[in-house]
Amino acid sequence: MSSNKNMTTGIWDRNHKKITTKKGGWRVGDQVYSHGYNLLEDLVGEVSFFQQMIMDMTGQLPERRLAEWLEGCYHCSSWPDSRIWCNQMGSLAGTSRARKTAGVCAGVLASESAMYGPGTAYGVMDFLEYAMAEHRKGVSVPDMITHHLKTHRDVAGFARPVAKGDERVDVMQRLASRLGFGMGEYETLVMEISEYLTAEYDECVNYSGYVVAFLADQGYSKKEIGRITALIVMSGVLACYVEANDKPAGTFLPMRCDDIVYTGVEDRELP
């Protein structure tokens, strides 16, 4: 019985009434520590917020140019357009007078989708890991795509749900070049696949496909990439919240009764 108990509750017993961390923390009366750094003395004013954010996600402080690239990545993903799915959550929160934090959190949650936003990173990385393994075995791009499409409906990281092409890829590639980044193994393969899909299916690499490939070339794992990009839509959501909140309540996409087409059962008498 004792052995059984240890097997089922051992991990909880070891963590009972204590918090263990490798991240850091606040020592009251002393300092705030983050990944071995004195946050207030070593980091504030010395590294950028995006450097700190990447370190919080991965445990390693990146060079500043990578943080600048990621900041550009966030710029390209946070548009103040209330027609975008996640931004509508911010607008609806603003028009209904919900709190700003609730509105932003709702928008960020809505972005965790398999169709668009940071939620796509996992599917893209799954495909890129498969494609890279095939590439290293000498399999051609046409053959790996043909084999992949036998069991999948699409190629994650390529094509967009609304528009053709993705202007953000060119912008971010120019930024990467200006910051001194060359094309790594994953990005090179992604561009080769994009050329093939453009010729055969009129579809090309999308923003998520490029971003995931670039970050994979920097050595980040699928889980780390998902975490680094988790808040990528935040600014656009907040912008839409603010605009709707500054207008009279209920004026963002109000509905009339005759906007709703009812197709259920006819009116009837209830016994």
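Me: In which helix is T58 found?

Reply: Helices are DSSP runs of H or I with at least four residues, strands are runs of E with at least two, and both are numbered from the N terminus. T58 belongs to helix α3, residues 49–58. The model is predicted, so local features need pLDDT of at least 70 and side-chain atom pairs count only at pLDDT 80 or more, while totals for chains, interfaces and linings use all residues. Residues are numbered from 1 along each chain as its sequence is written, and side-chain values use heavy atoms, with hydrogens and water left out.

Me: Is T58 buried or exposed?

Reply: Buried means under 20% relative accessible area, exposed means over 50%, and partly exposed lies in between (1.4 Å probe, protein chains only). T58 is buried, because its relative accessible area is 16%.

Me: Which residues does T58 touch?

Reply: Contact means heavy atoms within 4.5 Å. Not counting residues up to four places away in sequence, T58 touches K23, Y220, E224 and I228.

Me: Where is I228 found, and what does I228 contact?

Reply: I228 lies in helix α12 and is buried, with a relative accessible area of 2%. Leaving aside neighbours within four places in sequence, I228 is in contact with M53, I54, M57, T58, L70, Y74 and Y220. I228 and M53 are 175 residues apart in sequence, yet 7.7 Å apart in space, C-alpha to C-alpha.

Me: How should I read the second largest pocket, and which residues are closest to its centre?

Reply: On a 1 Å grid over the protein atoms alone, a pocket is an open set of points with protein on both sides within 12 Å along at least five of seven lines; lining residues have an atom within 4 Å of a point. A volume is the space filled by probe spheres set on the points, which are joined across faces, edges and corners. Here the second largest pocket holds about 260 Å³ of space. Of the 15 residues that line the second largest pocket, F50, Y74, L231, I232 and M234 are the closest to its centre. The largest share of the lining, four residues, comes from α3.

Me: How do the strands of the open sheet pair?

Reply: Strands of a sheet pair through backbone hydrogen bonds, either parallel or antiparallel. Two strands pair if DSSP finds at least two bridges between them. The open sheet here has three strands in the order β1-β2-β3, with antiparallel pairing. The edge strands are β1 (24–26) and β3 (37–38), each pairing on one side only. Three bridges join β1 to β2 (residues 32–34), and G25 stands opposite Y33 in β2.

Notes. 1 Å grid on protein atoms, 1.4 Å probe; cavity = no way out; pocket = protein on both sides within 12 Å on 5 of 7 lines; lining within 4 Å.
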